[in-house]
Amino acid sequence: MTGAPAGDAPAKINLFLHVTGRRADGYHLLDSLVVFAAAADRLRAAPSDTLSLSIDGPFAAGLGADDDNLVLRAGRALAAHTHPAPAGAALSLHKALPVASGIGGGSADAAAALRLLAALWRSDTGEKRLAAIALGLGADVPVCLASRPARMGGVGEVLAPAPAIPELGMVLINPGIALPTAAVFAARDAGFTPPAILPPAWPTAAAMAADLRHTTNDLEPAAIRLCPPIAEVLAALTASPGCHLARMSGSGATCFALYDTPAAAKAAAAALARPGWWSWGGGLHRPR
């Protein structure tokens, strides 16, 4: 599909995740600061008479290109709101991010599909309607549409501007174990955490990490009980030279660490590489 329009689906990282309450319907209310790493899946779209999806890449085996795939669901949902009705698209997903790993890979892929197909089909769907379609696909899909730092509230659909994020480096490590979100929430300790208090900006990665140490990922203890290797990953990250903060992202099992620069993070990721672990080091995603 060389030459077809393409878009990144960057990894979504929860720098903290507070469970602040629970709605009557059982959904948990959250407070989180989200950034996007330059680590990303890649989606291409080409004109076609039908809507189809092919998948390749190191984590392709963990996904099926069936009707329930979020990318195809995003395409069908957008098509239903596009006039005149689009013919279709041949979608090709390069799956570089691990599946069920707490970094929003499926949501990011769905958001990339909405962006690409809206352009390909010249969709008349407005920004607000596109966000509503995204929310119908999953609570994390709206924040992935813009792939910019954001403060997330509600079940994930209430978005506000993030504090200004300084230049920094980030390492991501997954111990090679998929961890279903529902299982982690079910194992979560009782109780809730108030929303975090954050400044409007941070001058350095070290200053940001110092403030983030006053926050938590409320799902981390439960995830470690279900997947003990997470604790090993966190210990390795914390002990690495230059690490300012190490924490699990989302519902796990991927963990992140913050460093002063992308170069420092790349060096740390190389030093931390182990058989069976997926590791990546670099900077943050910069939307074009």
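Me: Two strands count as paired if DSSP finds at least two bridges between them. In this predicted model, how many bridges join strand 8 to strand 9?

Reply: Strand 8 and strand 9 are joined by 4 bridges and run antiparallel. Within this pair, M248 stands opposite C255 in strand 9. The two strands form a hairpin, with 6 residues between them. In the turn, G250 has a positive phi of about 55°.

Me: Which strand order does the sheet have?

Reply: The sheet is open and consists of 4 strands in the order 8-9-7-10, with antiparallel pairing. Strand 8 (245–248) and strand 10 (278–282) each have a single partner strand and stand at the edges, so one side of each lacks a neighbour in the sheet. Direction ignored, neighbouring strands are turned by 15° against each other on average.

Me: How many bridges join strand 7 to strand 9?

Reply: Strand 7 (residues 169–174) and strand 9 (residues 255–259) share 5 bridges and run antiparallel. In this pair, G169 stands opposite Y259 in strand 9.

Me: For a helix, one asks where its buried residues lie around the axis. Which residues of helix 8 are buried, and what covers them?

Reply: In helix 8 (residues 229–239), the buried residues are I230, V233, L234, A236 and L237. Viewed down the helix axis, they fall within an arc of 165°, so they line one face of helix 8. T238 and A239, on the other side of helix 8, are exposed. The cover over the buried residues of helix 8 includes strand 7, helix 7 (220–226), strand 8, strand 9 and helix 9 (262–272).

Me: The reading can be repeated for helix 9. Which residues are buried there, and what do they pack against?

Reply: A265, A268, A269 and L272 are the buried residues of helix 9. Seen down the axis of helix 9, these residues lie within an arc of 100°, so they line one face of the helix. The face turned away from this buried side carries the exposed residues A263, K266, A270 and A271. The buried residues of helix 9 pack against strand 7, helix 8, strand 9 and strand 10.

Technical notes
Residues numbered from 1 in each chain as written. Predicted model: local features only at pLDDT ≥ 70, side-chain atom pairs only at ≥ 80, totals over all residues. Heavy atoms only, no water. Axes fitted to C-alpha atoms, helices over the stretch in contact; angles between N-to-C directions. Buried < 20%, exposed > 50% of the residue type's maximum accessible area, 1.4 Å probe, protein only. Arc of directions from axis to C-beta. Contact = heavy atoms within 4.5 Å.
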